[in-house]
Amino acid sequence: MLRITISFIAGLVFGLGLVIGGMANPAKVQNFLDLFGTFDPSLAFVMAGAVVVTFIGYRLVLREHAPLCGERFHLPTATEIDRRLIIGPALFGVGWGLSGFCPGPAITSLPLVAKGTLVFVPAMLVGVGLARLVLQRPTTKTLETTGGTT
Amino acid sequence: MSVITPFTPIASTIGGALIGFSAVLLMLFNGRIAGISGILSRIFPPYAGSDVMGAAAFIVGLMAAPLCYWAVSGPVPQTVSGDVVLMVVAGLLVGFGTVYGSGCTSGHGVCGLARLSRRSLLATAVFMAAGFVTVFILRHVMGV
């Protein structure tokens with residue numbers, strides 16, 4: 001139960017971070033990507049703030065042998081650079097540029113019920129499901145290695 | 001359809017720090033990476049050892065955030081494209097690409113970079129580059 005409560009709180013704090021940081025606004029994200037137009041560098045500050053806090057926090061937390069409510073840390077084990085690591089992010093980047101949405105802000109925006117969001121999120125879930133199907137077919141790798149990095 | 005958005009360095013740094021705090025919290029208690037595409041893919045079967053309830057609770061938390069913000073400081077400023085075809089295509093690409101590439105802005109861009117992962121550095125460089133090129137073409141070539 002504590003584990004589920006923590007998941008909820010982490011989601012809430014994450015979502016508040018997105019909203020306060022302006023990242024729930026696709027126009028702001030697209031403006032970060034528009035170097036030669038209405039450029040808005042705010043996204044870089046969100047990334048920097050998040051990476052610095054996570055870098056320091058992970059250094060402290062990962063010294064422990066196990067998380068407080070679990071038997072082990074679920075860390076990505078893959079180290080090889082493969083074609084999937086180019087194709088996936090390239091497709092994602094195109095969709096991100098077209099819409100200004102990545103998965104977190106899209107889900108967070110659902111209760112704001114913009115028409116574009118209500119169209120985007122179901123399509124995104126279909127995409128997630130398709131990728132899961134494709135990834136399960138050729139090799140029977142466990143989910144920890146296929147979906148675990150995220 | 002470009003709208004000028006004000007540069008918000010302080011609010012954005014605070015927002016980023018909150019995202020980082022969330023990532024650390026999730027690792028400290030649950031031993032999980034705060035990657036949204038991974039969390040989303042965990043609500044799909046097969047479920048073997050994948051903590052569906054935790055993933056679902058995180059997603060509910062995300063959706064509670066704009067409502068909490070709204071209750072305290074008013075409406076969340078947002079401009080979302082209403083082009084149905086564009087948003088369907090974008091949604092498919094984002095959903096497929098993030099799961100196929102094992103991560104999104106949070107999993108690779110925040111948690112991966114914080115772990116100094118070479119894979120995440122490459123992935124982040126690729127999706128950023130693809131994003132810059134896409135917006136350039138969309139706004140300055142096609143003039144959308």
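Figure 1. Over residues 140–150 of chain A, pLDDT stays under 50. For that stretch, the model still has 34 contacts beyond four places in sequence. Keep in mind that this is a predicted model. Taken as a whole, chain A averages a pLDDT of 92, and 91% of its residues score at least 70.

**Figure 2. Two domains of chain A, side by side.** Chain A splits into domain 1, running over 1–73, and domain 2, running over 79–150. Where they touch, domain 1 of chain A puts in 11 residues and domain 2 of chain A puts in eight. On the domain 1 side, helix H1 (2–20) and helix H2 (26–32) of chain A each give at least two residues. That side of domain 1 is made up of nine nonpolar and two polar residues, with no charged ones.

**Figure 3. Chain B meets chain A.** Here 108 residues of chain B are in contact with 112 residues of chain A. Which helices of chain B supply at least two residues each to this side? They are H1 (9–30), H2 (36–41), H3 (52–73), H4 (84–100), H5 (107–114) and H6. H1(B) gives the largest share, with 21 residues. Sort the chain B side by class and you find 66 nonpolar, 38 polar and four charged residues.

**Figure 4. A helix from each chain: H4(A) against H6(B).** Zoom in on helix H4 (residues 84–99) of chain A and helix H6 (residues 118–141) of chain B, which pack at an angle of about 35°. Their axes are 7 Å apart, and H4(A) passes H6(B) in a right-handed crossing. From H4(A), the residues making the contact include Leu85(A), Phe92(A) and Trp96(A). H6(B) answers with residues including Leu122(B), Phe127(B) and Leu138(B). By class, this contact has 17 nonpolar, four polar and one charged residues.

**Figure 5. Neighbours within chain B: H5(B) and H6(B).** Now stay inside chain B, where H5(B) and H6(B) pack at an angle of about 150°. The two axes lie 8 Å apart, and H5(B) passes H6(B) in a left-handed crossing. On the H5(B) side, look for His108(B), Gly109(B), Gly112(B) and Leu113(B). Across from them, H6(B) brings Arg119(B), Ser120(B), Leu121(B), Ala123(B) and Thr124(B). How do the residues of this contact divide by class? There are three nonpolar, five polar and one charged.

How values were computed: Residues are numbered from 1 along each chain as its sequence is written. Chains are lettered from A and ligands numbered from 1 in the order in which they are written. This is a predicted model: local features need pLDDT of at least 70, side-chain atom pairs count only at pLDDT 80 or more; totals for chains, interfaces and linings use all residues. Axes are lines fitted to C-alpha atoms, for helices over the stretch in contact, and angles run from 0 to 180 degrees between N-to-C directions. Helices (H or I, at least four residues) and strands (E, at least two) are DSSP runs, numbered from the N terminus. A crossing is left-handed if the near helix is turned anticlockwise from the far one by less than a right angle, and right-handed if clockwise. Two residues are in contact if their C-beta atoms, placed from the backbone, lie within 7 Å. Ala, Val, Leu, Ile, Met, Phe, Trp, Tyr, Cys and Pro count as nonpolar, Asp, Glu, Lys and Arg as charged, and the others, Gly among them, as polar. Domain bounds come from an automatic or database domain assignment. pLDDT is the predictor's confidence in each residue, from 0 to 100.
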